[in-house]
Amino acid sequence: MAKQKFYAIKAPDGGKIVLSWEECQQLTHGVKGVLFRAFPSRAEAQNWIDGISAPVPKGLRIYVDGSFLEGFPKAGWGFIVVENDTEVARGSGVTVFDAESRNIDGECMASFQAMKWLEANDKTAVICHDYEGVARWAKGEWKAKSSIAQKYVEACRPLVHRVSFEKVAAHTGVKWNEAVDKLAKDAIARAKKGPAPVAPAEPKVEPVAPAKPPVAAEPVAKPVPEVTQTEPVPEPIKDPKTGQMSLPL
């Protein structure tokens, strides 16, 4: 049998506690300035209406959430690690596969990523979630029929010993639950924009060697006529009588 919940409704003109989600929806849907939140006891619900803060939970807690947006095929996921009400880590992204069960894919991925963070840091924590299947599948209380449930159960089986689970009512003003919901939605917004454009690389210009000054052409030598060697010319002989010079015949 499910435990009784107490739904506290806080409005500018006062507050009220009801015992069913249906009645809470009727009194709050479309009403501006109204906050509501589920509590396990009437006293806690009344304290919240009266503005009496509940003690800050001690220890490590991880808030997880998923999101889905029509027109985009993947689900967003996010987790925020909180210790003594102070954030110590966070992570977000979109599923690597198309979402078959809308935001449920993101819820499961967020829980799995939170477990991976705990494993990497050798820690244990309470996972705070607003979708019940996150805990039920991981603990084996629900049969994993869908593909996403089966993938989730298989992936977190070696990690689930590091966590316990706590259900948090969605959109009821819980600070960290609202913050992680926005984180999952922002992950989708980033993914829709696509990766940041990469500036084209500057064209590589090879340095050009300076032109060498033109070399003056060497003057072309005129052709030297070929010389044909002839017989040597005999020396002239002087006639002793007349003194005349004559060539020997």
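Me: Two strands pair if DSSP finds at least two bridges between them. How many bridges join strand β4 to β7 here?

Reply: Three bridges join β4 (residues 60–67) to β7, and the two run parallel. Strands are DSSP runs of E with at least two residues, helices are runs of H or I with at least four, and both are numbered from the N terminus.

Me: What kind of model is this, and how are residues numbered?

Reply: This is a predicted model, in which local features need pLDDT of at least 70 and side-chain atom pairs count only at pLDDT 80 or more, while totals for chains, interfaces and linings use all residues. Residues are numbered from 1 along each chain as its sequence is written, and side-chain values use heavy atoms, with hydrogens and water left out.

Me: Why is β7 described as largely enclosed?

Reply: Five of the five residues of β7 (residues 125–129) are buried, so the strand is largely enclosed by the rest of the structure. Buried means under 20% relative accessible area with a 1.4 Å probe and protein chains only; exposed is over 50%, and partly exposed lies in between.

Me: Which residues lie on each face?

Reply: Ala-125, Ile-127 and His-129 are on one side, with Val-126 and Cys-128 on the other.

Me: Changing topic: in what order do the strands of the open sheet come?

Reply: The order is β2-β1-β3, with antiparallel pairing. Strands β2 (14–18) and β3 (35–39) stand at the edges with a single partner strand each, so one side of each has no neighbour in the sheet. The twist averages 20° from one strand to the next; axes are lines fitted to C-alpha atoms, for helices over the stretch in contact, and angles run from 0 to 180 degrees between N-to-C directions.

Me: Which residues of helix α5 are buried?

Reply: In α5 (residues 147–156), these are Ile-148, Ala-149, Tyr-152, Val-153 and Cys-156. They cover an arc of only 130° around the axis, which puts them on the same side of α5; the arc is that of the directions from the helix axis to the C-beta atoms. These buried residues pack against α3 (103–121), α4 (133–138) and β8, contact meaning heavy atoms within 4.5 Å.

Me: Where does pLDDT stay under 50?

Reply: That is over residues 223–233, for which the model has zero contacts beyond four places in sequence. pLDDT is the predictor's confidence in each residue, from 0 to 100; the mean for the protein is 80, and 73% of its residues reach 70 or more.
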